[in-house]
Amino acid sequence: MYAWIWRKLPFGLPGKLVGSLLLATTMVALLWYVVFPWAEPLLPFDDVQVTQDDSGVPGAPDGDVGPGDEGAVDDAPSGDEHDLPYDTDRNNTPPPDEDE
């Protein structure tokens, strides 16, 4: 099939190179702007189903109290909410000597 397309492109080698680049660019644009947007709703990429048994919001205290709800308790420390297993306030200490 590609040999048939190559033989049908006009204007010698330069024309065939330009024509093949134009055909490839046209096919990519057709896929990108027409086919993929049409097929996106049919594909399951955004079909996420996460279930929780204990409460509606992870980390929420006692039930379905979510962020911004009345009566929400905010016990999180100010700043970064992640627990790091190392100290970020100072440089790491050098490893101990092998003699000790």
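Guide: The buried residues of helix α2 pack against α1 (2-8), where contact means heavy atoms within 4.5 Å. Those buried residues are Gly 15, Lys 16, Gly 19 and Ala 39; buried denotes under 20% relative accessible area, exposed over 50%, and partly exposed the range in between, with a 1.4 Å probe and protein chains only. The model is a predicted one, in which local features need pLDDT of at least 70 and side-chain atom pairs count only at pLDDT 80 or more, while totals for chains, interfaces and linings use all residues. Residues are numbered from 1 along each chain as its sequence is written, and side-chain values use heavy atoms, with hydrogens and water left out.

Helix α2 comprises 28 residues, 12-39; helices are DSSP runs of H or I with at least four residues, strands are runs of E with at least two, and both are numbered from the N terminus. From its first C-alpha to its last, α2 reaches 38 Å, close to the 40 Å expected at 1.5 Å a residue, the expected span being 1.5 Å times one less than the number of residues. A kink of about 40° in α2 is centred on Leu 31, the bend being the angle between axes fitted to the seven residues ending at a residue and the seven starting there.

Leu 31 also belongs to a nonpolar surface patch of about 1,100 Å², together with residues including Met 27, Leu 30, Trp 32, Trp 38 and Leu 42. Such a patch takes residues with over 30% relative accessible area and no salt bridge, joining nonpolar side chains (Val, Leu, Ile, Met, Phe, Trp, Tyr) within 5 Å and like charges within 9 Å; a salt bridge places a side-chain nitrogen of Lys or Arg within 4 Å of a carboxyl oxygen of Asp or Glu. Trp 32 lies in α2 and is exposed, with a relative accessible area of 56%.

Phe 11, in the loop between α1 and α2, has a positive phi, near 75°. Most residues other than glycine have a negative phi. Phe 11 is exposed, at 71% relative accessible area.

Key
Areas by Shrake-Rupley, 256 points an atom, 1.4 Å probe, with all protein chains shown as cover.
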